[in-house]
Amino acid sequence: MNSAREAPAAPSKPWPAPAKLNLFLHIVGRRPDGYHELQTCFQFIDLCDEITIEVRTDGRIQRSVEIAGVSEDADLCVRAARALQAAAGCPLGADISVLKRIPLGGGLGGGSSDAATCLVALNHLWQLHRSEDELAALGLKLGADVPVFVRGRVAWAEGIGERLTSLYAPLAPPEAIYLILKPNMGVGTAEVFRDPELTRNSAPITIHGFLASGGRNDCLGVVRRRYPEVARALDWLSGFGPARLTGTGACVFLAVETMERGREILGQLPPTLDAYLARGLNDSPLLERLATG
């Protein structure tokens, strides 16, 4: 007599954590607590980390895969999961695995995006029914960029980056194709913001002003001076068009007309640089994944 066997559980479908670009970055002031008042526009790109989560019933939250140089207690995904668990009083836990595709230290927001994806995914998997506002507020405690990834829409940002205005047509930027270069080094964001030569008094602009002018990056002069590798990457890419710095770097990027043009430029890439060809996204792929359950 054959005994019935339980079919193995299907593996969980990964949750995307997209990278972002700062299409411009103005520093309009400095607060008494030392943080800077910013204006920027966040746009997602289709370069994504993938996060796989298995729910545990014993309440433990742990990584399934180690990340070199990042302890489990310092991992933003683990910290996000534990923060949500504590805030909700949830008895469930999770095994979390991250497949990294977004380069570290490039200004593309990979760590913040991973944290946001964990908050959104676990809110769904643990059936907590926390609102988007609640998740964004929890994410802000982990990092200033986390809320924009939680909300998942291209956004105009002010304050330290947490005051967000979602942008819709005709104010949304075009979903351009971007060639992104990553020098073989990272930029210390805190060092850039502490630099005495950093511009801290740019006049505030409006969304319409940004769309008309394209804005600039006030960190560029400091980053060029402190990080020659970034300056060389920017100079090389500027030979093909108006290249820009995202955040404090180290990544620089250029909007190209077509994927074919991007591949043509990639064919001339110096061996010291990593490169990514990605499409801008005004809606995060995390929202589509959430809609499919």
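**Close-up views of aromatic pairs and helix packing**

**View 1. Phe 210 is buried, at a relative accessible area of 6% (buried: under 20% relative accessible area; exposed: over 50%; partly exposed: in between; 1.4 Å probe, protein chains only).** The model is predicted, so local features need pLDDT of at least 70 and side-chain atom pairs count only at pLDDT 80 or more, while totals for chains, interfaces and linings use all residues. Residues are numbered from 1 along each chain as its sequence is written, and side-chain values use heavy atoms, with hydrogens and water left out. Phe 24 also counts as buried, with 1% relative accessibility.

**View 2. Six aromatic pairs occur in the structure (rings of Phe, Tyr and Trp, the last by its six-membered ring, with centres within 6.5 Å; planes under 30 degrees apart are stacked, over 60 edge-to-face, the rest tilted).** The pair of Phe 24 and Phe 210 is stacked, because the ring centres lie 4.7 Å apart and the planes are at 25 degrees. This pair links distant parts of the chain, 186 residues apart: Phe 24 is in strand 1 (residues 15-30) and Phe 210 in helix 6 (residues 207-213) (helices, H or I, of at least four residues and strands, E, of at least two are DSSP runs, numbered from the N terminus). Together with Trp 156, Phe 24 and Phe 210 form one aromatic cluster.

**View 3. Phe 44 and Phe 149 form a tilted pair, because their ring centres are 5.8 Å apart and their planes at 50 degrees.** Phe 44 belongs to strand 2 (residues 36-56) and Phe 149 to helix 4 (residues 146-151), so that the pair links distant parts of the chain, 105 residues apart. Both Phe 44 and Phe 149 are buried.

**View 4. Arg 289 lies over the face of Trp 15, at 3.9 Å from the ring centre.** The charge is counted as over the ring if NZ of Lys or CZ of Arg is within 6 Å of the ring centre and within 35 degrees of the ring normal.

**View 5. Helix 8 (residues 228-238) has the buried residues Val 230, Ala 231, Ala 233, Leu 234 and Leu 237.** Seen down the helix axis, these buried residues fall within an arc of 165 degrees, so they line one face of helix 8 (the arc is that of the directions from the helix axis to the C-beta atoms). They pack against strand 7 (177-183), helix 7 (220-226), strand 8 (244-245), strand 9 (252-256) and strand 10 (273-281) (contact: heavy atoms within 4.5 Å).
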